[in-house]
Amino acid sequence: MQNIIRISNVDFSYQGQEQQLSEISLSVYQGECIALIGSSGCGKSTLTRVINGLIPAFYQGQLTGEVFIDGKNLRDMSSWEIGAKVGNVFQDPRSQFFSNEVTGEIAFGCENLGLSHDEIINRVNRTIRVMKIEELGNVSIYTLSYGMRQKVAICSAKAMEPKIFVFDEPSANLDLQSTYLLADLIKELKAEGKTIIIAEHRLFYLHGIADRYLFMENGKIVDSYSPSEIQTHGSAYLNQKGLRSLDFKDVQIKNENEAAPQSFCSISISNLSTSFDGKVVLHDVSFQYNGNEVIALVGTNGAGKSTLGKAIAGLIKRVDGQVFVDGVPQSRKDRIGKIWYIPQDLDSQLFGENLVDELTTGLENPKQYQEKAKSILDHLGLLPFKDRHPATLSGGQKQRLVLGVAMMRETPMIILDEPTSGLDFNSMEKVKNLIHEQQRKGTKFLIISHDIEFIARTCNRILKLDGGRISEDYYLQDMQTLLNSMGYKEGTLWTS
């Protein structure tokens with residue numbers, strides 16, 4: 001069998017940083033699917049960047065060793081040659097977009113390959129049908145949800161028809177139905193003889209797809225598992241290694257409310273409605289908190305979940321309806337100060353020069369809050385990094401930092417939009433524990449998420465948004481009910 005990727009004794013360190021990869025040697029055969037697994041920061045994404053040539057062409061640093069793609073040394077290949085052989089889907093799809101609208105973005109890579117106009121049209125239409133996004137044709141990419149953008153990024157890579165596909169956390173922002181489509185797409189690519197590298201935290205959809213699971217730790221490949229071996233080890237073993245659960249039935253459900261101060265405020269949402277460009281996105285959405293709850297807001301990509309979160313927080317101007325705090329209707333301006341919305345794109349929420357500055361920015365007389373900020377950072381496990389720029393933190397550290405910003409302001413309600421996107425098991429647990437601690441202090445949480453494992457372990461009430469309306473509202477008692485709400489199909493994935 002032919003080696004299509006051969007890596008020999010690769011070491012790498014980003015400029016000015018500690019070594020990220022050490023003694024990496026790997027052969028990948030044509031048509032093989034390799035899953036790179038391991039905790040955040042173990043080197044998975046860095047290894048994908050070595051394979052696709054972004055290291056050292058874009059990410060500068062010290063690289064030693066050799067990488068061969070389809071028999072050719074990567075050092076001797078131009079960027080367009082690499083692009084023709086290796087298709088990429090990144091965790092944040094915005095980082096690879098070059099066009100404003102969907103069809104233009106999918107066509108962009110094909111145009112760079114010098115394909116004929118007719119061939120480009122055929123490839124664009126074919127990939128759009130595969131991912132079932134025909135209705136998005138001329139829609140602006142920047143009006144789409146994160147999950148929809150991820151579908152466009154997948155289409156863009158597939159349209160170029162490379163021999164190798166590199167996916168970095170491709171399921172991070174996808175709902176369960178879209179994850180099924182992703183799994184089907186990867187299976188189709190395998191059937192076509194394509195070689196696939198997937199760096200992933202979520203393992204539940206890789207059953208029948210991955211041929212090998214390479215476990216990375218501290219920049220090294222320290223173990224290799226076959227599908228049968230990883231299934232035999234099971235979720236408890238994986239969790240101990242900082243990996244996500246393999247099987248949904250292994251996940252523990254949280255179904256009790258935490259005790260909270262009786263005097264803490266009440267919050268209710270009444271008849272929120274809004275539309276964009278004549279399309280109704282929210283229609284008379286109403287619910288209230290019954291005591292001290294952590295509520296999950298679920299629904300398919302594009303259902304309006306983020307829009308609802310922003311509307312409640314006062315971040316959208318044209319919204320009908322009311323938000324009540326302690327029975328008093330709050331203006332949009334009032335809500336901005338009392339309800340904290342934390343978006344998926346954490347970097348857009350970071351403004352400080354260091355972590356202490358991040359927690360105190362926007363406060364009157366911020367110097368008076370220095371000690372409080374340090375105390376919160378210590379509580380979050382971030383005090384050792386207090387002098388670092390927020391942008392240099394890992395995804396899990398950033399998530400805890402922005403929660404710390406809300407804690408500084410003692411807001412009564414926090415809305416988290418996909419807080420576990422790209423987080424390993426340990427980072428997910430830290431976020432969960434922090435939410436429960438704040439819940440016990442009386443903070444109300446609305447968590448927008450596709451992450452079944454996180455929802456089951458963190459939330460006790462589920463709201464499902466469908467067509468701009470709440471279609472389900474229930475307290476979580478068993479896993480099957482949650483799976484049904486999320487669109488799980490019996491007998492698929494690992495769960496049987």
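Modeller: Two strands pair if DSSP finds at least two bridges between them. Helices (H or I, at least four residues) and strands (E, at least two) are DSSP runs, numbered from the N terminus. This is a predicted model, where local features need pLDDT of at least 70, side-chain atom pairs count only at pLDDT 80 or more, and totals for chains, interfaces and linings use all residues. Residues are numbered from 1 along each chain as its sequence is written, and side-chain values use heavy atoms, with hydrogens and water left out.

Biologist: How do you know that β16 and β17 pair?

Modeller: Strand β16 (residues 339-342) is joined to β17 by 4 bridges. At least two are needed, so they pair. The two run parallel. Y341 has I415 of β17 as its bridge partner.

Biologist: What makes β17 and β18 a pair?

Modeller: They share 5 bridges, in the parallel sense. β18 covers residues 444-448. In β18, I448 is the bridge partner of D417.

Biologist: Why is the unit of β17, α14 and β18 called right-handed?

Modeller: Point the strands away from the viewer; if the path from the first strand over the helix to the second runs clockwise, the crossover is right-handed. β17, helix α14 (residues 425-440) and β18 make such a right-handed β-α-β unit.

Biologist: Why is β17 called mostly covered?

Modeller: Buried means under 20% relative accessible area, exposed over 50%, partly exposed in between (1.4 Å probe, protein chains only). In β17 (residues 413-417), 5 of 5 residues are buried, so the strand counts as mostly covered. M413, I415 and D417 lie on one side, I414 and L416 on the other.

Biologist: What makes a set of residues the largest nonpolar core?

Modeller: A nonpolar core is a set of buried Ala, Val, Leu, Ile, Met, Phe, Trp, Tyr and Cys residues joined through side-chain atoms within 4.5 Å. The largest one has 99 residues; F167, L206 and L482 touch the most other members. Another core, of 30 residues, lies apart from it and includes I7 and F12.

Biologist: What joins β19 to β20?

Modeller: Strand β19 (residues 461-466) and strand β20 (residues 469-475) run antiparallel and are joined by 6 bridges. R461 stands opposite Y475. Their hairpin has 2 residues between the strands, and G467 takes a positive phi near 60 degrees.
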